[in-house]
Amino acid sequence: MKSVTIPMLFLLLTLLAACGGGGDETPQNNAEPMEIYTPKAKANPLGIGPVTEEVTLGEVDPTLVAEGEAVFTQMCTACHKLDKRHVGPALAGVLERRNAAWVMNMILNPEVMVKEDPIAKALFAEYLSPMANQNLTEDQARAVVEYIRQYIPEEKL
Amino acid sequence: MKELLKLCLLLPAVALLTSCGGDGNPNKATQGAFNTNDAAAAVYVAPGEYDEYYEFFSGGFSGQVSVVGLPSGRLFRRIPVFSVDPEKGYGFDEESKAMLNTTHGFIPWDDAHHPKLSQTNGEIDGRWLFINGNNTPRIARIDLTTFETAEIIEIPNSAGNHSSPYLTMNTEYVVAGTRFSIPIPQKDVPIETYKENFQGMLSFISVAPEDGDMDIAFQILVPGFDYDLASSGKGPSHGWTFFTTYNTEKGRTMKEATASQNDKDFIAAINWKKAEEYIAAGNFEEWDSEYTNNIVDEGSHIASSETKHKVKVLNSSNCPGMIYFLPTPKSPHGVDVNPTGEYIVGCGKLSADLTVHSFSKMMAAIEAESYETIIDGIPVLKYEEVVTGVVKSGGLGPLHTEFDGDGNAYTSFFISSEVVKWNVGTWEVIDRVPSYYSIGHLSIPGGGSMKPSRKYLISMNKITKDRYLPTGPELAHSAQLYDITGDKMRLLLDFPTDGEPHYAQGCLAELIKPNSKKFYKLDENTHPYAVMSEEDVRVERDGKNVHVYMSSIRSHFAPDNIEGVKVGDRVYWHVTNLEQDWDTPHGFAMMGARNAETLIMPGLTKTLVWEPKVEGVFPFYCTDFCSALHQEMQGYVRVSAAGSDVPLKWSLGED
């Protein structure tokens with residue numbers, strides 16, 4: 001009997017997958033039943049998003065810092081100060097607490113991060129205002145990381 | 001137990017299979033796309049799934065357009081066009097007010113009739129939607145990437161702008177005609193001099209292929225009949241536009257009787273390529289005619305109005321070969337050219353029958369110069385030489401015809417309240433279904449183009465009565481959705497509509513959905529009062545005008561504490577939404593502002609004016625629920641006495 005049920009499960013999953021098509025914005029209602037069968041994955045230290053490999057931070061690149069500062073000022077400062085909590089957490093020293101890939105994924109994929117990444121989930125619960133997706137490119141997010149990492153908090157100067 | 005589990009797994013699988021729907025080629029279906037008799041399943045769009053078609057309904061006297069999904073009948077959006085819309089701030093905020101300017105001044109309303117989608121090579125291309133304002137003659141163009149009105153042009157020398165905005169197969173022109181003849185140009189004359197002094201005007205409005213920019217290319221002065229509806233040729237008849245006329249009697253009072261005397265009125269066939277030749281040859285008069293052209297700037301999103309002063313006018317009586325009249329029985333209302341471009345169907349609204357003229361027969365009659373008579377220089381062709389078929393319907397009061405691309409036509413019958421399906425070629429009636437009640441327009445997605453989509457037909461009805469839960473004396477208008485894939489039409493769904501739709505046009509969602517804009521890029525915002533970040537926010541005084549350069553993001557305004565405003569000031573709230581994500585608008589409302597809120601899409605700047613009348617401290621807040629801290633998205637402005645010396649001061653987050 002078991003041997004009958006498993007092919008059926010497979011059929012169901014195939015159907016689910018086949019139905020999905022319809023572009024990137026197709027909501028995931030069809031996929032929900034799949035969660036029943038998916039074991040909870042271990043949290044990925046890199047977070048969840050387009051950045052799937054560790055980002056190596058080398059020498060500070062001043063050009064990248066300048067680009068990052070411009071993007072940060074336009075896109076992030078409404079909610080983030082470097083030295084103090086604002087709408088979101090203070091960001092000075094964030095790269096001592098989290099890796100660069102995680103920070104980039106938080107910038108690039110905040111909707112999923114606050115739902116699925118345990119650290120981001122906890123931060124959302126604390127701050128309540130959702131991390132806005134400002135639609136940065138991956139390069140812009142990397143530049144923002146460069147800007148934040150080289151920033152030295154005022155009390156340490 | 002295991003059997004039960006199996007069943008549980010199979011059931012959703014079957015449901016998924018049916019909900020997957022979307023058969024590749026609906027035009028091929030002859031047996032009906034829906035194997036089930038369950039109409040509910042046929043219109044069911046599962047949660048999270050998309051409708052197959054967009055359908056754009058005009059709002060009639062609401063002045064707006066509504067965007068509906070098919071087959072579900074769900075309303076997605078109401079697009080403000082000719083009427084103000086306090087929900088969005090349209091016509092209230094400083095950016096959009098100019099859209100409603102006319103030579104008569106600011107007009108916050110019109111009667112929006114016929115939505116027409118732009119075409120390329122006779123097929124709907126998903127770029128723009130045009131619609132006419134019937135009352136104060138105007139044509140609007142809606143951009144289908146933003147679903148916003150991008151341009152409105154006023155039509156001079158016109159009245160009762162009803163035979164509009166029917167477009168040609170490459171959107172070379174949208175046409176606009178006068179349902180009501182008037183003295184042209186306007187002058188003070190006794191109404192009883194109608195026959196001597198009143199005329200009609202047919203306008204051809206060019207559409208720039210790159211950006212859709214409209215301009216009045218030329219106007220054609222025609223006899224003082226009522227030009228009711230229009231349809232442009234396609235394929236072999238490309239280059240011609242057909243207008244129905246009634247009131248060839250030239251009645252001016254009690255028209256329901258006086259305009260119904262003649263056994264036949266006309267379909268006016270306009271050879272617009274010939275008209276272009278006359279224009280090129282300089283055979284036109286240049287008239288001083290004022291009209292307003294309002295257009296939204298793409299970068300700043302600010303609408304501006306330009307008053308134009310000249311039009312080129314062709315007089316039909318001295319442009320041979322440009323216009324012919326095709327006698328057509330009984331005050332024809334709709335005129336519709338079939339997808340091949342050969343047949344011109346006139347619906348004599350006081351008749352039981354439909355008249356089908358043949359384009360090739362018309363051309364032969366013109367070639368032979370076989371005229372019944374000539375009216376004001378316009379040859380009237382002989383009825384029997386142009387007519388090719390009469391549909392003996394058995395119904396009463398035919399109004400409009402749509403085609404399915406498989407050789408079938410569908411005509412609405414107002415008086416007998418039904419849709420009649422007939423064969424194009426044999427002219428035989430194939431099927432009929434009742435509508436509830438008194439159908440006006442009907443629509444097949446892709447209708448009016450060379451490639452209609454044979455799947456659904458919608459009837460738009462004038463009378464609702466008992467269809468829905470009663471809502472007092474005023475009722476929503478009703479629409480019905482029919483499955484037309486089989487030999488027999490089948491009623492699937494009944495749904496209320498917004499305002500009074502006069503036609504709706506639809507197309508496959510895939511033509512529009514991929515181009516739908518999600519947000520405006522902040523660094524492309526060229527609004528002079530925009531701020532690019534919170535670093536730029538400030539308040540500036542210029543005499544009695546106070547400009548607040550403000551930003552919004554979830555969930556605060558910057559600045560949110562403002563002092564130094566005085567009674568008698570005129571405060572401009574320029575709010576830039578700094579969000580850069582889909583579906584993150586913020587609203588802005590100011591206590592005591594005598595206009596509306598404004599709703600600011602991500603990346604845009606909108607301006608609301610407020611003139612404080614009394615001293616005090618007044619709140620402003622975000623109206624569009626934006627986050628868990630939306631209730632906190634609020635600020636204060638202090639208003640001091642007119643002569644006070646409270647300095648201008650602004651802040652955010654300072655204690």
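**Exercise 1. In what sense do strand β22 and strand β23 of chain B pair, and over how many bridges?**

Solution. The structure is a predicted model.
Step 1. Locate the two strands: β22 of chain B covers residues 343-348, and β23 of chain B covers residues 353-358.
Step 2. Their pairing is antiparallel and runs over five bridges.
Step 3. For a pair of facing residues, take V345(B), which stands opposite V356(B) in β23(B).

**Exercise 2. Describe how chain B is divided into domains, and what each domain gives to the contact.**

Solution. 
Step 1. Domain 1 of chain B spans 53-515, and domain 2 of chain B spans 524-651.
Step 2. The C-alpha centres of these two domains are 43 Å apart.
Step 3. Eleven residues of domain 1 of chain B and 15 residues of domain 2 of chain B take part in the contact.
Step 4. On the domain 1 side, the residues that touch domain 2 of chain B are three nonpolar, four polar and four charged.

**Exercise 3. How many helices and how many strands does chain A have?**

Solution. 
Step 1. Chain A has seven helices and zero strands. Along the sequence, its pattern reads α-α-α-α-α-α-α.
Step 2. Of the 157 residues in chain A, 29% are buried.
Step 3. Consider the contacts in chain A between residues at least 6 apart in sequence: 70% of them join residues at least 24 apart.

**Exercise 4. Which residues of helix α7 of chain A are buried?**

Solution. 
Step 1. Helix α7 of chain A covers residues 138-150, which is 13 residues. From its first C-alpha to its last, α7 reaches 19 Å, close to the 18 Å expected at 1.5 Å a residue.
Step 2. The buried residues of α7(A) are Q140(A), A141(A), R142(A), A143(A), V144(A), V145(A), E146(A), Y147(A) and I148(A).
Step 3. The elements covering these buried residues include α2 (62-75), α3 (94-97) and α4 (100-108) of chain A.

Note on methods:
Residues numbered from 1 in each chain as written. Chains lettered and ligands numbered in written order. Predicted model: local features only at pLDDT ≥ 70, side-chain atom pairs only at ≥ 80, totals over all residues. Pairing = 2+ DSSP bridges. Helix = DSSP H or I, 4+ residues; strand = E, 2+ residues; numbered from the N terminus. Expected span 1.5 Å × (residues − 1). Buried ≥ 20, exposed ≤ 12 C-beta atoms within 10 Å, placed from the backbone. Contact = placed C-beta atoms within 7 Å. Domains from an automatic or database assignment. Nonpolar A, V, L, I, M, F, W, Y, C, P; charged D, E, K, R; others polar.
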